[in-house]
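Let's take a friendly walk through a protein structure, one part at a time. Have the picture ready and follow along.

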Amino acid sequence: MASLALTHARFQLLETARIPIALFGSAFFPAAAMLAFVVPFVGSNAEYATTATASMITFSVMSTNLFQYGVGVSEDRAQPWDPYVRTLPAGAAPRFAGRILAGLCLMFVSLIPVILIAAFLTEATITATAFLITAATVVGIAIPFILMGLAIGYSMPQKAAIVVAQLLFFPLAFLGGLMTGPGMAPGIVEDIAPYLPTGGAARLMWAAVSDFPYDFGSIAALAGWTIALGWVAVWAYRRDEGRRFS
Amino acid sequence: MFLARALEVTRRYGDKLALDQVSFDVAAGELVGLLGPNGAGKSTLVNLLTGIRRPTSGRVELFGGDPRVPAHRRELGVTPQETGLPASLRVGEVVDFVSAHYDNPLPRAELLDRFGLTDLVRRQTGGLSGGEKRRVAVALAFVGRPRMVFLDEPTTGLDVQARRLLWDGIRAFSAEGGTVVLTSHYLEEIEALARRVVVIGGGRVLADDTVGAVRGLVAVRRVSLTVREPLPELAGVSDIERDGDRLHLLTGDADQLVRDLVAYGTAFEDLEVRPTSLEEAFLALTRESAAA
């Protein structure tokens, strides 16, 4: 099963690599947002620049995964190759795992420009240990958003998936406090953010890059979201039959 | 022993009834043709048997179990739609991808050689011709050394030589004990390969018999003759095709028709009586079911 997951990951990456513009697209947006918002406004303050970069990474982790999986999966499901793969003797697990592995690779590639911009164009700083913890945290916080994307991708047709991903991503970013620094959001956002997947993820990231404290209530909520979204994703995969007509 | 079986299976898509109480089974070693026009329900039946879809009611079994459970698909091979091959991947890569799902797949070189694909191994599937894609699609059904394959129009769009080659391959698989379910609305294909034909139309099984019997079932004969005068009113003629002076009459009772022609004193030449092709039998069957 592990090797089959790697096979699925390898072929996902191969397909992406043959159309490199797709990769460029997912790397462009977070980098542009860094240049437009972080560098000019908080770039000169080390503490703000660091947490703002962490917020921006959280933001791009959410958006790349929501779109990559939500839209990507529903697109794949519309291809006649998908029902064929379903006749092969493997269940949901290796496909899910392979997609997740490939998605993580692409996500890290798309984060490289963000990190380079933070390192060279802002005062953001981080120790080597904290950098490694942050990298591990990125993998961890990607999981609920990957599962959210998979749940969307497997439960609705392509056009609906695009709309739902777009409708979800902005409120999630705002209510999760990604648009503002730690402790600076409007009151209602400060109250609910820790319990939203975006807010929980951002808090973990802030704790990894700065001395922002770990909030265990928020971590528990994020774990709860992860389990719930995972359940929905698997449910959606199992009930999925591809297109309704063929 | 049944390798695949549907018991009173009904499948709806919303309001549309795609399959209506269909029962169907395939025994080990059979070579069955599943015949029907597009939208008749044959792809829905195949999708249920290969675990892609679930029946609305009734039961489907594959190798004695639920086809939705991956373990029951270990000895199954299916052709993908040739238009569905991942366009950016190379032929060899697609084969490798499929192989990775099986415990004991055919070695890549052997598979490619068997289906005459060795020269295409480095080509991206998006750049292949229709016939080449078709051959890749059929080859993929055999990657996992299956005991049973579902082949969807395996030789449509192939030239005569490639078609013969593939037919020989399918016959050889069958001769070694392999079980084949062939779906097609391309009739020569089914006539050439299948011993048993299941005709599906309007979501129901219209006939399930040997190729000969399905033809005999409708017992339509084509009586061709050249006449230079108007024909008298003839009983039992279901259809008349005109080709200049040459007339082709379709009838259930050719003997009576000829006796009538003689009795009326019709001056005809070049009388020819032929059994109909499977296609004509099939058209008559679906027409009957539409009329009923």
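## The sheet in chain B

In this predicted model, chain B has an open sheet of 6 strands, arranged in the order 5-6-7-3-8-9 with mixed pairing. Which strands stand at the edges? They are strand 5 and strand 9 (204–210) of chain B; each has a single partner strand, so one side of each has no neighbour in the sheet. Going from one strand to the next, the twist averages 15 degrees.

Now look at one pair of strands. Strand 3 (residues 31–35) and strand 7 (residues 179–184) of chain B run in the parallel sense and are joined over 5 bridges. Within this part of the sheet, Leu31(B) stands opposite Val180(B) of strand 7. Helix 1 (residues 42–49) of chain B packs on the sheet, where it touches strand 3, strand 6 (148–152), strand 7 and strand 8 (196–201) of chain B. The direction of helix 1 makes about 150 degrees with that of strand 7.

## Two nonpolar cores

The largest nonpolar core holds 69 residues. Leu45(B), Leu182(B) and Val198(B) have the most contacts inside it. Helix 4 (residues 130–141) of chain B gives this core its largest share, 6 residues. A second, separate core has 65 residues, including Leu111(A) and Tyr237(A).

What is Leu182(B) in contact with, leaving aside its neighbours within four places in sequence? Among its contacts are Val32(B), Gly33(B), Leu34(B), Leu151(B) and Ile190(B).

## Two helices in chain A

Two packed helices are described by the angle between their axes and the distance between the axes. In chain A, helix 3 (residues 46–77) and helix 5 (residues 92–121) pack at an angle of about 145 degrees, and their axes are 10 Å apart. Their crossing is right-handed.

Residues making this contact include Ala49(A), Met56(A) and Tyr69(A) from helix 3, together with Gly103(A), Leu111(A) and Ala118(A) from helix 5. Sorted by class, the contact has 10 nonpolar, 7 polar and 1 charged residues. Leu111(A) is also part of the second core.

## Where the chains meet

How many residues does each chain bring to the contact? Chain B provides 27 residues and chain A provides 23 residues. On the chain B side, strand 5 (76–78) and helix 2 (91–99) each supply at least two residues, and helix 2 gives the most, with 3 residues. By class, this side of chain B has 14 nonpolar, 8 polar and 5 charged residues.

Key. Residues are numbered from 1 along each chain as its sequence is written. Chains are lettered from A and ligands numbered from 1 in the order in which they are written. This is a predicted model: local features need pLDDT of at least 70, side-chain atom pairs count only at pLDDT 80 or more; totals for chains, interfaces and linings use all residues. Axes are lines fitted to C-alpha atoms, for helices over the stretch in contact, and angles run from 0 to 180 degrees between N-to-C directions. Helices (H or I, at least four residues) and strands (E, at least two) are DSSP runs, numbered from the N terminus. A crossing is left-handed if the near helix is turned anticlockwise from the far one by less than a right angle, and right-handed if clockwise. Two residues are in contact if their C-beta atoms, placed from the backbone, lie within 7 Å. Ala, Val, Leu, Ile, Met, Phe, Trp, Tyr, Cys and Pro count as nonpolar, Asp, Glu, Lys and Arg as charged, and the others, Gly among them, as polar. Two strands pair if DSSP finds at least two bridges between them. A nonpolar core is a set of buried Ala, Val, Leu, Ile, Met, Phe, Trp, Tyr and Cys residues joined through C-beta atoms within 7 Å. A residue is buried if 20 or more other C-beta atoms lie within 10 Å of its own, exposed if 12 or fewer, and partly exposed in between; C-beta atoms are placed from the backbone.
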